Amino acid sequence: MAQKNIFARFLEMDRRWLFLALAVVVIVALLLPPAIGVRVTSPVTRFFDVIDTSDPDKPLLLAVDTPPSGLPELEPMIVGILSHCFDRGQPVILISLQMEGVSIAERLVAQVQDEFNRRAVEAGVERRIRMGEDWALLGYRAGFSAVILGLGDEVRKVYTTDLYGTQLDEIPLFADYHNYDDTAAVVDISWSSTPELWVQFAGGPYGVPILVGCTAVSAPQYYAYLQTGQMSGLLGGLKGAAEYEKLISHPGLATRGMVAQTGAHLLVVLLILLGNVAFFLDRMSRKRRK
Amino acid sequence: MRRQIPLVIVFVVGLFGALSYFIMEPVIQDLREQMLTWLRIIAAFALGLGIASFLRNHGRRMTRQVPGWGFNVVAILSFLSMTFIGLVWGIEEGTLFRELFDNAQVPMEATMFSLLAFFIASASFRAFRARSKEATLLLAAAVIVMLGRVLDFDWLSGITEWILEVPNGAAQRGIIIGVGLGMIATALRIILGIERSYLGGE
């Protein structure tokens, strides 16, 4: 049996070395200061503009349709959107078509509320964020498309109470809220195909603007909807979240994470190049030997 | 008769579901709302079906002691304990259920998803080869998009956006239209009783 050349041996190196390289790059990047410049792209600007130019008296419907797996990329989006709305005094109604999304939404809205109220105390501002006035959490309902269509007719037919058992008619936020006509926009933060359902069953029939936040791997499939205007804006992955943080002047987890993501992307590109160079050199070397 | 009644129900309900989008008469719309309520109730039953299937599959592997059956025990125990804890002490903020969710389930699921990065790194080195013209095109597009998503250069960002909006948008639209037509064809086959596999047996 012929001895393998150096390139073939390089290509067959133990993959644990690659894992180690990635771990080192990510850890070192996370220790560095978040000094990466983030260029804001058109899908994110459109996303921001829809919220920023909407009537602040009309609530935003925020669907947290993600399990914990999607959180590293999607959590900064939820935090950013809540901060943006609370800053401009726009109420937010949180729902979930995915059961685990409820606990995530509850934790994050409490976190943003506490942060906002702490800053208000420090700044001596009287305004506070309150449940029932600035936000409401309705919880989970099974049935994807049936829930989305139901919300277009009357929210009270889908949810009679909020997550804590209070009748919707007793919550100030719902005094004039009934359906998508009273909604500034629908935001779906998702790691599955729910954004397409929102386009089909809310955006299409009722004309409410649909904004989508998704993982980077899902983002390319929504560009077609973005181009036709069926989606009014798109946040794709950690980069989309970092761009949004830049627009709302609220650097957070995504801005921080972009350093690690930059390091990881550069490493992957380097590995692709090295792998291809070694592959062709190995092939040339074998041909020459023959 | 046992087969004809379900076929008639599917025909009537399917046809009504499609037409109710276009007929704005109050009677039709009221009935449509009623059907949406039924749909949500049926969807809730699917959850029970999922739980039964989960317990059956894991239980069977556990009792037969197939290789790795210890993981099935962990799955069933985790499911039962979270259900018990949630039912007894509630699921609100500050409860044991929430502590377990935030401090065990969230990091575990996030870790599983993050592990993908390691496999992508390994695959990019071993499998992503410019073996043909098509593969080279794909590779070049992937490298540009990966760099364009993280590096702050005007020209690179422009090319990245163009790749995502034009060639990618066109390909995605083709897929979406194809899937849409397929869904319409399947729905028509079911409504008209041509496709009957959902009845079982055949």
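Tutor: Chain A has eleven helices and six strands, where helices (H or I, at least four residues) and strands (E, at least two) are DSSP runs numbered from the N terminus. This is a predicted model, so local features need pLDDT of at least 70, side-chain atom pairs count only at pLDDT 80 or more, and totals for chains, interfaces and linings use all residues. Residues are numbered from 1 along each chain as its sequence is written, while chains are lettered from A and ligands numbered from 1 in the order in which they are written.

Student: What does the C-alpha trace of chain A span along its principal axes?

Tutor: About 80 × 45 × 30 Å. Chain A is divided into domain 1 (6-31 + 266-289) and domain 2 (42-250), with bounds from an automatic or database domain assignment. The centres of those two domains of chain A, taken over C-alpha atoms, are 42 Å apart.

Student: And what share of the residues in chain A is buried?

Tutor: 50% of the 290 residues. Buried means that 20 or more other C-beta atoms lie within 10 Å of the residue's own, exposed means 12 or fewer, and partly exposed is in between, with C-beta atoms placed from the backbone.

Student: OK, strands. Why is E1(A) described as largely enclosed?

Tutor: Six of the six residues of E1(A), residues 60-65, are buried, so the rest of the structure largely encloses the strand. Leu60(A), Leu62(A) and Val64(A) point one way, Leu61(A), Ala63(A) and Asp65(A) the other, and all are buried.

Student: Which strands is E1(A) joined to by bridges?

Tutor: One is E2(A), residues 92-96, which runs parallel to E1(A) with four bridges; pairing takes at least two DSSP bridges between the strands. Leu62(A) has Leu94(A) as its bridge partner there. Another is E4(A), residues 185-190, also parallel, with six bridges, and there Leu60(A) stands opposite Ala185(A).

Student: Which helix goes with E1(A) and E2(A) in the β-α-β unit?

Tutor: H4(A), residues 71-87, and the unit is right-handed. That is, with the strands pointing away from the viewer, the path from the first strand over the helix to the second runs clockwise.

Student: Switching to H3(A): which of its residues are buried?

Tutor: In that helix, residues 42-52, they are Pro43(A), Val44(A), Phe47(A), Phe48(A) and Ile51(A). They cover an arc of only 135 degrees around the axis, which puts them on the same side of H3(A); the arc is that of the directions from the helix axis to the C-beta atoms.

Student: What about Leu32(A), buried or exposed?

Tutor: Leu32(A) counts as exposed because it has 12 C-beta neighbours inside 10 Å. Leu32(A) lies in the loop between H2 and H3 of chain A.

Student: Over on chain B, what covers the buried residues of H5(B)?

Tutor: The cover includes H2 and H11 of chain A. The buried residues of H5(B), residues 116-126, are Ala121(B), Ser124(B) and Phe125(B). They fall within an arc of 95 degrees seen down the axis, so they line one face of the helix. The face turned away from that buried side carries the exposed residues Leu116(B) and Phe119(B).

Notes. Contact = placed C-beta atoms within 7 Å.
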